[in-house]
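Subject: Handing over the two-chain model

Dear colleague,

Here is the model we talked about, with the sequence and the coordinates together so that you can follow the notes beside them. Please look it over before reading on.

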Amino acid sequence: MPAFSFNDTLLLATIVFSVGLAGILVRRNMVFMLMALDIMLNATALVFVAAGARWHDATGQVMFVLVLALAAVETAVGLGIIMCLHAHGRPTLDADTGNLLGGQGRG
Amino acid sequence: MGEILLPLLILCPLVASMIISVSAGRVGTCAIGAIACVGVGLSAILGIILSVMLLSGPAAGVLPVVLWRWIHVAGFSADIALTLDRVSMVMVLVVTVVGLLIHVYAVGYMREDPGIARFFSCMTLFVAAMLVLVLASDLLCLFIGWEGVGLCSYLLIGFWYDDPANTAAARKAFYMTRMGDAALLCGLLLLATAAGSLHIGAVLAAVADGQVAPSGVNVAALFILVGALAKSAQVPFQTWLPDAMAGPTPTSALIHAATMVTAGVYLIARLHDLFAMAAPVMALTAVLGTLTLLMAACTAMVQSDLKRILAWSTISQLGYMFLALGCGVWQAALFHLMTHAFFKALLFLTAGAVIMRAGHEQDIFRLGGLRHAMPGLTAAFVVGASALAGLPLVTAGFYSKEMILSGVWHVHFGLTREWTLSGHPLWGMALLGAFLTALYIFRCVFIVFCGKPGTVATGRTSRLMGIPLGCLCFLSLCGGVIEMPDTLPPLHLFTALLDPKTPLSHADEPVWLVLAGALAPLAGLGVARVLWGRAAPVMREIPGQAAITRLARAGWGMDALYDLVFVQPFRLLTWLAHHDILDQAITGTGRMTRAISGRVFRARAGFLDKLAVWGTRARGWAGHLLGRLDNGRVRWYAAWIAGGLCAGLAMAVLS
């Protein structure tokens, strides 16, 4: 007997996902953006676990482990990029300043 | 046992041919010759073994082998099938044994030639094709071999392709036999539609049962006769054979003795039951044969080229065979075919050796007095010439020619019910032909080997070339005693071999008939001795030789006839194809199409230009708009992705 019904879990996952998305959209600090990304990943992982519990299938938990691994790797790569930028003499963590790929030559 | 050996008989030379042609240039001269000789020799041994097996069996026994089914549709079927019966057994022995002797000789003759691999691969393929022709029990299968020998003769006549004359001779041989092939195919198709099969036994049974209308039988026989005439170089197709001398001498020997030209005789002998139902065609065969043998003998009389004399003599002897076939004595035709294979191979191979040692001189008037320089070759040539002339008792040619002559004497052509023709006039002409044969061949002998020396002979005849000549000498002398006229000891081994049930016998044969046949060649020899045999010949050339030679060179007007019948219509056709109305119409249509397509092209180009301009402008605006989106800020990208996802989900849910 699960503590939450499947719909409740989905609602919770949606809320957590929205929080993560909002974090990405509003924060300019790259470290916080990475954390927000992890929150979004955890939301999806929660959906997998809930679906596994709903249909009594272990595959959902397996997927959760995979998502955890993915999140760890993603965080490592993201932090690596930040460290690398820092090593190249970039003093800020503001994501909006790194817009050299922007179209029409606007800096 | 026999089922395995019979296909092997054909496979041996075929495999030898493949090995030689594939290994061209990597194997030495001796090895190539050895492979070819082993291939043909194995097949000769197999032929002998199979003959023994066949003869030890029942009297009418045959050895049929069906290899696989070739064609099977409603109303017609054809197999790849071989049959060894007594007729084909004789032919197999002739082809393989004479072929083997010629191959052994050719190893010595062609030793210096750079194209020896090509030569031997063609020669062995030739033998294989001839064996297919001989052993086929289905006429369609026989046709494969028929075309195969045609192809190989083309390849070998044009062997020295550097000289345009040689390739022209090869093409001529190919085209001439091709006309006959077309006729033969017509005959076969007629038979196939009537009988539903081309298996020889089935066809003959259908004809004997009257399933085929008499007119159909006549027409089919006529077509087959035309095919055989073209293959065997009879009137009116005789002109290709003398030109075929362009090839190497062993090739000529093979074409004239064992393979190719004997195919026509064999085909008619095989289908003699069919021809027996077509009396007019039989009479035509006999008349054409007589005509050919006289005309070729007269032509040979005025030739000065040694090999050409022999070529015309072949045509003349084939005329004898066709005469015999026309008179219904096909056993005699086959017997003459066999003895002719022996002495004609001997004559050609000896002539080749003589020409080789006399510095490639072929003109008999420039040769001369070779008796002392090359006694062995002289003896061989005299033996061959005697057999060709048919000198009585001692030569093989006498017995076979005698058999033909007696057969012709007794024949009556029942053209219609009341109107029959006696064979006596034809007999007279054939006798005249025998006289002429002795005359022209001994003219050649006396001019080349007696008289004062012309060219200087060099070198020696190698043993490889000498041994086959010796064997052929023996066969030319003793190959005929297996069948004798009744006046002499009545020995009928050959006819008994071919058909044990109904031996051919003419008990009522007058003695003077044999005597006449024996005296005609002797008279020819005597006249030749008087005219050319003395130290100072009575006459060097036949009076009026130049005019006859010119006529003969043009093939007795036959080339002009071919020009009129075949070449000119073809030219007209090509001219029409160049300038015909349909072509003009098509050209006009093409021109119109081009004009219209030009207009369309211009109109379309203008439209496409406009379209391109509009497109570019629209792309400019769109690019400007999209460029706004692409501002390089990660958060904006994430927002766009989220917005797009929401929009997509909303559409999916709401729709």
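Predicted model: local features only at pLDDT ≥ 70, side-chain atom pairs only at ≥ 80, totals over all residues.

Below is what was found, taken chain by chain and then at the contact between the chains.

Chain A

Chain A has three helices and zero strands, and from the N terminus on its elements run α-α-α. Its radius of gyration is 18 Å, well over the 13 Å that the globule rule gives for 107 residues, so chain A is more spread out than a compact globule. Taken along the principal axes, the C-alpha atoms of chain A fill a box of roughly 55 × 25 × 25 Å, and buried residues make up 8% of the 107 residues in the chain. Among the contacts between residues of chain A at least 6 apart in sequence, 49% join residues that are at least 24 apart.

In an unreviewed entry, UniProt places the feature "transmembrane region" at residues 6–26, 33–56 and 62–85 of chain A. In the model, residues 6–26 of chain A are 100% helix and 0% strand, with their end C-alpha atoms 30 Å apart, while residues 62–85 of chain A are likewise 100% helix and 0% strand, with their end C-alpha atoms 35 Å apart.

Chain B

Chain B contains 25 helices and four strands. The radius of gyration of chain B is 34 Å, well over the 26 Å that the globule rule gives for 655 residues, so this chain too is more spread out than a compact globule. Along its principal axes the C-alpha trace of chain B spans about 125 × 65 × 55 Å. Of the 655 residues of chain B, 48% count as buried, and residues 24 or more positions apart account for 78% of the contacts in chain B that have a separation of 6 or more.

For residues 136–412 of chain B, UniProt lists "domain: NADH:quinone oxidoreductase/Mrp antiporter transmembrane", again in an unreviewed entry. Over that range chain B is 76% helix and 0% strand, and the end C-alpha atoms are 32 Å apart. Helix α17 (residues 396–410) of chain B has 15 residues and reaches 22 Å from its first C-alpha to its last, close to the 21 Å expected at 1.5 Å a residue. This helix, α17(B), is mostly covered, with 14 of its 15 residues buried.

Strands β1 (residues 63–73) and β2 (residues 76–84) of chain B run antiparallel and are joined by nine bridges, in which Arg69(B) has Asp79(B) of β2(B) as its bridge partner. The hairpin of these two strands has two residues between them, and Gly75(B) there takes a positive phi near 85°.

The peptide bond from Val235(B) to Pro236(B) is cis, with omega near 5°, and Pro236(B) is found in the loop between α8 (214–231) and α9 (240–243) of chain B. Ala233(B) lies in the loop between α8 and α9 of chain B and has a positive phi, near 55°; with 30 C-beta neighbours inside 10 Å, Ala233(B) counts as buried. Met260(B), found in the loop between α10 (249–258) and α11 (261–270) of chain B, also has a positive phi, near 60°, and Met260(B) is buried, with 28 other C-beta atoms within 10 Å.

Where the chains meet

How many residues does the contact take from chain B and from chain A? The contact takes ten residues from chain B and eleven residues from chain A. On the side of chain B that touches chain A, the largest share, five residues, comes from helix α25 (residues 634–654) of chain B. The residues on that side of chain B divide into four nonpolar, three polar and three charged.

With best wishes

Terms used
Residues numbered from 1 in each chain as written. Chains lettered and ligands numbered in written order. UniProt positions renumbered as here; feature names shortened; annotations may be inferred. Expected span 1.5 Å × (residues − 1). Buried ≥ 20, exposed ≤ 12 C-beta atoms within 10 Å, placed from the backbone. Contact = placed C-beta atoms within 7 Å. Nonpolar A, V, L, I, M, F, W, Y, C, P; charged D, E, K, R; others polar. Pairing = 2+ DSSP bridges. Rg over C-alpha atoms; globule rule 2.2 N^0.38 Å.
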